[in-house]
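Here is a short report for a first look at this structure. Please have the sequence and the 3D view open as you read.

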Amino acid sequence: MSMIKIEKVSRNYKTGETVVKALKEVSLEVDAGEFLSIAGPSGSGKTTLLNLIGCIDGIDSGEIYINDQPISGMDKTQKTTFRRNNLGFIFQTYNLIPVLSAYENVSFVLSLLDIPADEIKRRTYEVLKEVGLEGMENRRPAKLSGGQQQRIAIARALVKNPQIILADEPTANLDSKTGEEILKLMKKMNEKHGTTFIFSTHDKMVMEYASRLVLLHDGSIVSDERRQ
Amino acid sequence: MKFILQLAMKNLSRYKRRTIITSVAIAFGLMMFIIVDSILRGAQVESVRNLRWYETASLRIYDSNYWEEHYFLPLESSIKQPDKVMDIVKAEGLTATERTTFAADMILYSKDFGEDGNMSVKITAIDPSTDFDVYRYPDTLIDGRFLEPGENDGIVIGSWFAEDIGAKVGYWVTFITQGNGGFYEAFDMQIVGIVNCPNPNVNRTLIMMDKSAADSYLGMDGAVTSIDIVLDEKANLNQSAADLQAKLDQAGLSNLQVLTWRDLAQDYIAMVEAKQGGSSMILFLVFIIAAVGVSNTMLMAMYERMRELGMMRAMGMRDRDILFSFLFEAGGIGMIGATVGIALGCLVNIYLVNSGINVGFMFRDMDIGFRIQSIMRGAWSLPTILKAFFSGILLSMVVALFPIRRALKLDIPTCLHHQ
């Protein structure tokens, strides 16, 4: 049974009079625990596909099922609740809150859930240790390197133990060495927690780390390759 | 909620300069509001006191026809049986005095004043044995002496009036007037005293003479134009007036009417209401400052934090919580501005309440309606301070609502990819 089932999903964007077909009847199934890379050139529809899976954008036609639950039927509030409980996000530009410390940037995700304060504290320290930021809990993002900031973002995505983590070009703002470290960390977390990772990239090195590589071109899947 | 508050407070320190500039604008506006309100309030308190002490007393009894034509000071519409009325008033435990006010032409002579001249004046004839129980002139005498009961040819005048006509104690003037019934009468009077009354309206025009002399010159046959009554400051004005009116009606004196100082000082009441509108205008200006400043600050904050906003929404933070976070932040700016504004306003107000501003140079030649001669003092008002504080916060939050709602209407991908 697939965790994510995408059935003939299309998404169009209107720019003035022009309609851009970002995704054209894309179908894909993702199993739990996969470390899947969606690759392709700019404008191929990678981010759009991630946004649709992440319930932050609307489907024009087709359907996406997550754990057999169709997401197009959800209203805005249901989608917000779904994201809060089940999804983690990692962004290319980290999107950390600069006035909060590393600890606060991670723990705020748990504060959105009904979790006791001592549990929030325990889990936050634990996940920060896991991503290699032990001792840097009180530092603000501006005092950390790009790689360290992305580690906070990974910790933030992981801390609530989501079923799926969606990462949009997570290494694009990092140098190759740091990018590789981040990928290794993501892979380690994927193996340790069994969390499904879906990340977009156009970097060949990043693709190498994926256990499954889906290639998109002009809004259509052109290849779907599973690796050992 | 704890996180939302924490985030809002931390974001306040994020753009320190912007927060300070916006807060200072709000603080300045609220400080001005407190100062202006304090001065107006102080001026009102002092004006009311000076009205009641020197101009209108607390209550006044007139013949019903008199009030309708009071601008003409009609002697024929006077109180014919003042003794009976005084008995009723005294029976009520009130302190009162009889007065007759009439119009006259005053002739000045070159012998005393340097040149001949004449002018229209209003003369108030008082009963020196009872008038000072109702009015507070004894403390205001700056030259000469007060009138003595039964004094036929003495007048006391206001110091500004004396300055304007160049009068001194001992100078003689002649009054020509129409007595009760229309006959003409002329009488010579000597200035025996000059008073410096805190009520500028009185100080500018006051001429007082003895009532019994006026009775004789005007042919009043014991009638007076008004009976003026003093009440305790805390007495219920309208209730006292109504009770007294009822007693007069019972005694068959329904031709008389009891007026409160508010009825008598309608010009002042109208002016105060207009000035209260001015005070509200200042609060409105504060609102504009807050609206422009806070709205702009929050709009800029919104655009600068658009990707964070997208991230928080993607992470499952409710729009309502994000809205509250930004509202609390705006409220925080308002609170800083309000606190600083109130602190500065109160500091200035300490000086205003204790020392006041000398505006004698302005009020000497200009009548702005307040019954204040020179020092305008402030007055404390806790409701005003609370109003300033909460309106500063509330207005900041209200005006922040629009840019926040606008940003929250954008979809999450747009927020996340905002440049």
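## Helix α14 of chain B

This is a predicted model. In chain B, helix α14 covers residues 319-354 and has 36 residues. At 1.5 Å a residue, α14(B) should span 52 Å. Its end C-alpha atoms are 51 Å apart, which agrees with that figure.

After α14(B) comes B:Gly356. The phi of B:Gly356 is positive, near 75 degrees.

## Helices α2 and α16 of chain B

Helix α2 of chain B runs over residues 16-54, and helix α16 of chain B over residues 382-408. Their axes come within 10 Å and cross at roughly 155 degrees. Angles over 145 degrees count as roughly antiparallel, so α2(B) is roughly antiparallel to α16(B). The crossing is right-handed.

Which residues meet here? From α2(B) come B:Ile26, B:Leu30, B:Phe33, B:Ile34 and B:Asp37. From α16(B) come B:Thr384, B:Ile385, B:Ala388, B:Gly392 and B:Ser396. The residues of this contact divide into 6 nonpolar, 3 polar and 1 charged.

An α-helix has 3.6 residues a turn, so residues three or four places apart point the same way.

## Where chain B touches chain A

The contact takes 17 residues from chain B and 19 residues from chain A. On the side of chain B, the elements giving two or more residues are α1 (2-12), α13 (306-314) and α17 (412-416). Of these, α13(B) gives the most, with 4 residues.

What is the make-up of the side of chain B that touches chain A? Its residues divide into 8 nonpolar, 3 polar and 6 charged.

Note on methods:
Residues are numbered from 1 along each chain as its sequence is written. Chains are lettered from A and ligands numbered from 1 in the order in which they are written. This is a predicted model: local features need pLDDT of at least 70, side-chain atom pairs count only at pLDDT 80 or more; totals for chains, interfaces and linings use all residues. The expected span of a helix is 1.5 Å times one less than its number of residues. Axes are lines fitted to C-alpha atoms, for helices over the stretch in contact, and angles run from 0 to 180 degrees between N-to-C directions. Angles under 35 degrees count as roughly parallel, over 145 as roughly antiparallel, 65 to 115 as roughly perpendicular and the rest as oblique. A crossing is left-handed if the near helix is turned anticlockwise from the far one by less than a right angle, and right-handed if clockwise. Two residues are in contact if their C-beta atoms, placed from the backbone, lie within 7 Å. Ala, Val, Leu, Ile, Met, Phe, Trp, Tyr, Cys and Pro count as nonpolar, Asp, Glu, Lys and Arg as charged, and the others, Gly among them, as polar.
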